[in-house]
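Hi,

Here is the structure I promised to hand over. My notes on it follow below.

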Amino acid sequence: MCKPGDFERCDYRTEWKMGYKVLSNVEKLKNSVLRMNSWLLIMRAIVTALVWASAVQLIGIWLIRGPRVFKVWPPCNQLDLHVASELPRLPIPVFPPKRVYKNNGYLMVSCNGGLNQMRAAICDMVAIARYMNVTLIVPELDKNSFWAASEFQDIFDVNHFIRSLRDEVRILTQLPPKLNNRPAYSLPPVSWSNISYYLHRILPLVRKYKVVHLNKTDARVANNGLPLEIQKLRCRVNFHGLRFTSQIEETGRKLVRILREKGPFLVLHLRYEMDMLSFSGCSHGCNSDEVEEINTMRYANPLWKEKDIDSELKRVEGLCPLTPEETALVLVALGIDHNVQIYIAAGEIYGGDRRMEGLKSAFPNVVRKETLLDPSDLRFFPNHSSQMAALDYLVSLESDIFVPTYDGNMAKVVEGHRRFLGFKKTILLNRRLLIGLIDQFTSGSLSWDEFSSIVKEAHADRMGSPKKRVSIVDKPKEEDYFYSNPHECLQLLDEPLRTT
């Protein structure tokens, strides 16, 4: 570097070149730093995206797999009751990001049947809409059947339904205005259909007409042979997407709290209402006037196709709901504590107090929602059988033991939900065996000790413990129902699944 006074000896051209070189290096260093900062920003964005994606995946896994189940299962033949925790308050939901996909059209569905038949159908239709990459319109609930008379929003939390599933499928409350005047192509899908049916028969119709209306939804998707992702999505909708309205949830929590304050309780799904007896044609224990009444009701209902029914033949084949008297015998034979609270999850029992005398004599703590709650608590649910059934559903999930006397849709769906909650004890009665035993006992050909011993032994492995669904090729009505045992969605740790 040139110093003052060395003008003659200093080569300023060389010095200028050196200065230029230094400035050039500084400029390169600056550019390098800028590039490094840019890369850091890019890396930070990538890491943030990966963390967010991982969080979403973990939430999805949690939603599907549910709570962990203890490795050690209690013996199935133990009928002791324990006090479980109160129905927990709902946490503040964290909704997943929306899934972006090319929309192939719009799917409208009209559910038919009672609450739990429609519940299963909603789960099926969400899974089908997701698979076909269409937009689902919030399902319409049945208002024409004997059991249903409510809108979707009267039963379920619509906003939660839409937002909790938005990472799978787009759901709207109604068609876009531009399609309001466009006629929808309407049809009932084939029962027990697999995914290829919806891909090759229904999806082309959606693409052609833009709006397709499925006007029947009961059992329109197969139990087995579906992709694992579809089965898990059916579970996710059932166990997490379908949340009852806050009014129903709050009332359900109040019912559980009242029951818990008095100790453990058993929920008895006693399907002995007039409509069930009329529909099934089962009249055992009814007097002649009652038999005439329920037969008249069946013949008057155009939706019930089977009219001429042999009641006694159905009973001995195990196809009738147990009567209150038969149920009392079975519960006592199973060793159920006489002091336990028995919550009746059902409508009005046909025959009233006369038919309930035997059950109340054996188990004096028989209660119903109408006896536990003030009339003001139920003022929002008058003449809404589906909302009342929703209350029974919530209490059934929280009970120490659940006992259905008939394998209808509520019995099956609650059974599956209790399996998901940790294989909670559900006594699945073998009605065909029980009817034969009851008849032998009442005729005196079987002693009480013999009767009780056989009943306990026969039901030791019918307590809702882990097992695989029974699949019967080409006979879906005879195989295990998906929603009664969704084993694809149940976390079993190291426990092997039984197939019987």
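This is a predicted model: local features need pLDDT of at least 70, side-chain atom pairs count only at pLDDT 80 or more; totals for chains, interfaces and linings use all residues.

E250 is partly exposed, with 37% relative accessible area (buried is under 20%, exposed over 50%, partly exposed in between; 1.4 Å probe, protein chains only). E250 pairs with R253 in a salt bridge, N to O 2.5 Å (a side-chain nitrogen of Lys or Arg within 4 Å of a carboxyl oxygen of Asp or Glu). R253 is buried, at 6%.

Residues are numbered from 1 along each chain as its sequence is written, and side-chain values use heavy atoms, with hydrogens and water left out.

The whole structure has 19 salt bridges, and R130, D167, E168 and R236 are linked in a network of them. E168 bridges to R130 at 2.8 Å between the closest N and O atoms; E168 sits in the loop between α4 (158-164) and β3 (171-172), R130 in helix α2 (residues 115-132), 38 residues away. R236 and D167 meet at 2.9 Å, N to O. R236 is in helix α6 (residues 228-241) and D167 in the loop between α4 and β3, so this pair ties together parts 69 residues apart in sequence. R236 is buried at 3%, and D167 is buried at 18%.

Best wishes

Key
Helices (H or I, at least four residues) and strands (E, at least two) are DSSP runs, numbered from the N terminus.
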